[in-house]
Amino acid sequence: MIPWLTIAIALPVIGAAVIWALPRVKTSQAAAPAEASAGAAATAGAAAATATRAPAATAAGAAGSPAGTAKRVALGFSVLTLVVLAAMALRFDTSAAGGLQFEEVYPWIPRFGVHFALGVDGIALTLILMSAVLVPLVILAAWNENEDREDGGRGYFALILVLEAMMIGVFAATDVFLFYVFFEAMLIPVYFMIGRYGRGEDRAKAAVKFLLYSLAGGLIMLVAVIGVYVIGGTFLWTDLVGEGSALAAVDPGTARWLFLGFFIAFAIKAPMWPVHTWLPSAAGASRPGTAVLLVGVLDKVGTYGMLRYCLELFPSAVSWFVWPVVALSLVSIVYGAILAIGQSDMMRLVAYTSVSHFGFITLGIFALTPQAQAGAALYMVNHGFATGALFLVVGFLVARRGSSLIEDYGGVQKVAPKLAGVFLVAGLAGLALPGLAPFVSEFLVFVGVYAFHPAPAVIAASGVVLAALYILWMYQRTMTGETPARLSGLRDLSGREMWAVAPLLALIIAFGLYPQPLLNVINPAVERTVEVGTADTAGAGADGASEEGGEE
Amino acid sequence: MIPHMDLPVVTEGPPEINWWLLAPLLTLFAAGVLGVLFEAFVPARRRRRLQIGLAALALLAAFVLLVLQIGTLPEGQAGVTVAAGVLAVDRTVIFFQGTITVLALISLLLIAENRDGRDAFAAQAATVPGSEEERAHILAGSQHTEVYPLVMFAVLGMLMFPASNDFLTMFIALEVMSLPLYLLCGLARRRRLFSQEAAVKYFLLGAFSSAFFLFGIALVYGYAGSVNFGTIRAAVEAGGAEIFQGEGGDGEPLLLMGIGLVAIGLLFKVGAVPFHNWKPDVYQGAPTPITALMASCTLVAAFGALLRVFFVPFGTSAASWEPMLWAVAVLTMVAAAVIAVTQRDIKRLLAYSSVVHAGFILTAVVANSTDGLAGAMFYLAAYGFTTLGAFAVVTLVRTKDGGQELGDLERWAGLGRRSPALAGALALFLLAFAGIPLTSGFIGKFAVFEAAVAAGATPLVVVGVLSSAVTAFFYVRIIVVMFFRDPEGDGPTVVRAGAATGGVITIGVAATLLLGLYPGPVLDHLLPSSETGPEPVAVMVDQASTDTDG
């Protein structure tokens, strides 16, 4: 049996190690320009660049330079990872998508019962594939972004690969401890990606804010993780869920605390109002590629965790949290959308739209109906593609003008029609236009939530209206109207940029017209998680806590 | 009426002494004495090499002896006491001693490091700072090779401290450990007045705490009628020595006060709040290699002793000391973390960080279980390696002229660009301090917190993680300064790492990663397992003095 998941985690790590091991300075090439560039650096006031570092900076753009090799290595390894995962996905048995497949269990720390345990069900598989699709595109889109860095972006590409390994690991982990390890460790590459390779003066601050928020949530979760181990006696997810486990027998009070411990961490990650404030600043200070991975994948860990860990580990606590979480989700939807409208920075705007979209996802998860959860799971994937595309297009604008402020643009459509067209499609996907992938998921969430209770569905619908407003208004202000003189020379999309964003648009349209393949994989997995929730809501309904629970 | 007490047992012959089990201690003692003789009889210019070689050899030999000892411990038994029951040798003690020896050996690399014939110590400590005489000594290249025998004696005390099986031995070990350290603190080559001030502070406060400790011992003796851990344990279980039985009255206050005062002495050594005030001053003022020695070895030794005292003689009166340790642990974790946020000097910051870590380890002591003991042991070992690495980095970052260490963190800006490897290593150490997964710090934190939750101290753990979040702030801030900020002016100067310092950093990185990625072997084979018994005393030997050499 081939350890697919381990290979998929190991490949990017190896890639990162290779980039690391590349020679820092090509002595043969750099010997000549070394003196010249050292002199130039000194006159330019770049005091930081010592004589040995300077050649690396100047040689970075040249073909065959270390940084150029680094890019190719990064792209190669990420594509290879995608191929491995795609091959794995083809062997995935959709008829058994509710259970874990490709399971691997190796003891890691026997004393604490920790295993290096991997496995995927339908939801995890789709999320892993989504991450693996996004990474090569991000690398492609960021190809020339870091030329101004002294290392030519080598470190950046290495960090992306490390992050990819952790993203696959966090979705594939079936050991709570292992999940936690990936969950926390993935903060570090992102922290450096924002702080070191980000944009703007505030990037260090934004990176610290991101790290501290996430770390605080993670540490609270650590207590809950320890609690799970002390009560459940094991970290293996498969042993913890189900009727027979020691964790299932825990008293509801304790279960609620543990649920809360996990939930706070996931809510910060997701990001849910009122703990979302790190996201706009982090996204605003990120390179667009970083933002794609941050919002598209990392934040999904929060919603994925709610589905996988909060619901399934503590079924007895779920009913107690349904209404509070639904309320928070609604606030996120409306608040995120309203703030998105008011943004003047496109990166921040997209970040706020994500706060709103994540509200839909959490709403779907906690509505506890099959359609809503399937919609939420599907939304996680579609949102990754749609928001990813949107961030990438904004990134192309930033690469051209060095600014992500809306007021710096206008009439782009006339000079760069392809760019504007891609922007429009990505934006319409963001507002869930029928025919595009996010529509299917949003629709499913609405249907499911309405079955749960009409009121939240009605309130959430306002989010859709607002979405039209923020997307179209942004489009109108940046792409239409008179082209200012300073933008007249704006280049249209290059071939590389088209290649970076076209696959996403293709996926958005394909899954918008024919979402069945994804649903086939997701539905069985969702049936399992819904069972947990509904069985419990039915019980709670008898208590009178929720009148609607019994109806469905 | 004079209370009747058991007279000391008069033995027929001299007590049997198991030389084999004492060998590691004797090796270091011999090396210390020999070192002093070298000082007297070997010409100055040949001393340095000889002393370093002797010290390294002695530490290596001690470590090998300790490893060999494990094999000779009786099967199925926690361990034995030696020398008429004053010292205990069990697997826990050997783990502590082994850790201390290894960490001391690594510290020795830092202590021995010298550049252009100058090490971290004053040319001639007896001269007035800034005087002509001092200049003359510096120009003549004088060196204090007494440092090495002093380190030997200090390490000897550290090995005895967690092995003591009675309070008097423990007190002697405490002094043997502390006195050389007081001296070593005052020997810094740069900023000598500062260093001397630190030494005096450390000495005065240390003397106070020793007095508390001694007074505590006296009270415990009054309660139990013995200083031997085994006898005290039995007495605590029985509700006091014989005089308190029946109509003898209530000895409880004596015990409580005794525990409290003994605890002050020990908590001072580990640097828990509110007995932590010496740490920042001393860590900052002392020569950095000595700070590294104190931050790693002394902490391990002090915690080893603290664990032994609370688990063995006072193990059965946990109800009376647990609330106190709860309070101290909470205070330590909260206060130190908050104060640390305001620090600007790297060494002071690491000192406060060490205080916070002491608080984390205290949660494992509160757990009062074998798992807690094992967690604390792992934490100490992991922390020791990481902190040594961190201080090794500190020795390399200098002010512009390359002379003095650069303490001011703000001026570390741009280090990540100047020397990415060095800054990367320090970043790894800081992340380990913050307890980020895949580093040893995380496993350690998990181990102690897991033990505490299992023992029902969940609120303490919640305080612990919140404090962790605060500490993460200032670790992360250092990373921000190093990597994300452009250097002001020329930025810090980094002197080239010599083989020794480079070695220390490499070992630190390797240990931090290895213990973080693959801690299984250490956790499984070197640490006590709760299968032996849920009570930590199951793995800590504590015979009374009468039955020698069990």
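This is a predicted model: local features need pLDDT of at least 70, side-chain atom pairs count only at pLDDT 80 or more; totals for chains, interfaces and linings use all residues.
Figure 1. Leaving aside residues up to four places away in sequence, A:Ala337 touches A:Ser356, A:Gly463, A:Leu466, A:Ala467 and A:Tyr470. A:Ala337 belongs to helix α14 of chain A, residues 315–341. It counts as buried because 24 C-beta neighbours lie inside 10 Å, the cut-off being 20 or more. A:Gly302 is 35 residues from A:Ala337 along the chain, and the two C-alpha atoms are separated by 20 Å. For the chain as a whole, 62% of the 552 residues of chain A count as buried. Of the contacts in chain A between residues at least 6 apart in sequence, 81% join residues at least 24 apart. Chain A contains 22 helices and 2 strands.

**Figure 2. The side of chain A that touches chain B.** Here 32 residues of chain A are in contact with 31 residues of chain B. On the chain A side, two or more residues each come from β1 (101–109), α7 (176–185), α8 (187–195) and α9 (203–232). Of these elements, α9(A) gives the most, with 16 residues. Sorted by class, this side of chain A has 24 nonpolar, 3 polar and 5 charged residues.

**Figure 3. Helix α12 of chain B and what covers it.** Helix α12(B) runs over residues 318–341 and has 24 residues. From first C-alpha to last, α12(B) reaches 34 Å, close to the 34 Å expected at 1.5 Å a residue. Its buried residues are B:Trp321, B:Leu325, B:Val328, B:Ala329, B:Val330, B:Thr332, B:Met333, B:Ala336, B:Ala337 and B:Ala340. The cover over these buried residues includes α9 (252–270), α11 (288–311), α13 (346–367) and α18 (458–484) of chain B.

**Figure 4. Crossing of helices α7 and α10 of chain B.** The axes of α7(B), residues 192–224, and α10(B), residues 278–285, come within 8 Å and cross at roughly 145°. The crossing is left-handed. On α7(B), the contact is made by B:Phe194, B:Ser195, B:Glu197, B:Ala198, B:Lys201, B:Tyr202 and B:Leu205. On α10(B), the contact residues are B:Trp278, B:Asp281, B:Val282, B:Gln284 and B:Gly285. By class, the residues of this contact divide into 6 nonpolar, 3 polar and 3 charged.

**Figure 5. Kink in helix α1 of chain B.** Helix α1(B), residues 19–41, has a kink of about 40° centred on B:Leu25. B:Leu25 is among the buried residues of α1(B), together with B:Leu21, B:Pro24, B:Thr27, B:Leu28, B:Ala31, B:Gly32 and B:Gly35. The buried residues of α1(B) pack against α2 (44–72), β1 (79–82), β2 (87–90), α3 (91–112) and α5 (147–160) of chain B.

**Figure 6. Cis peptide bonds at A:Pro274 and B:Pro274.** Most peptide bonds are trans. The bond from A:Trp273 to A:Pro274 is cis, with omega near 5°. A:Pro274 lies in the loop between α11 (252–269) and α12 (278–284) of chain A. In chain B, a cis bond joins B:Val273 and B:Pro274, with omega about 10°. B:Pro274 sits in the loop between α9 and α10 of chain B.

**Figure 7. Positive phi at A:Leu368 and B:Leu438.** Most residues other than glycine have a negative phi. Phi of A:Leu368 is near 60°, and this residue is found in the loop between α15 (346–367) and α16 (370–401) of chain A. A:Leu368 counts as buried because 30 C-beta neighbours lie inside 10 Å. Phi of B:Leu438 is near 75°, and B:Leu438 is in the loop between α16 (420–434) and α17 (440–454) of chain B. B:Leu438 is buried, with 20 other C-beta atoms within 10 Å.

Terms used. Residues are numbered from 1 along each chain as its sequence is written. Chains are lettered from A and ligands numbered from 1 in the order in which they are written. Helices (H or I, at least four residues) and strands (E, at least two) are DSSP runs, numbered from the N terminus. A residue is buried if 20 or more other C-beta atoms lie within 10 Å of its own, exposed if 12 or fewer, and partly exposed in between; C-beta atoms are placed from the backbone. Two residues are in contact if their C-beta atoms, placed from the backbone, lie within 7 Å. Ala, Val, Leu, Ile, Met, Phe, Trp, Tyr, Cys and Pro count as nonpolar, Asp, Glu, Lys and Arg as charged, and the others, Gly among them, as polar. The expected span of a helix is 1.5 Å times one less than its number of residues. Axes are lines fitted to C-alpha atoms, for helices over the stretch in contact, and angles run from 0 to 180 degrees between N-to-C directions. A crossing is left-handed if the near helix is turned anticlockwise from the far one by less than a right angle, and right-handed if clockwise. The bend at a residue is the angle between axes fitted to the seven residues ending there and the seven starting there.
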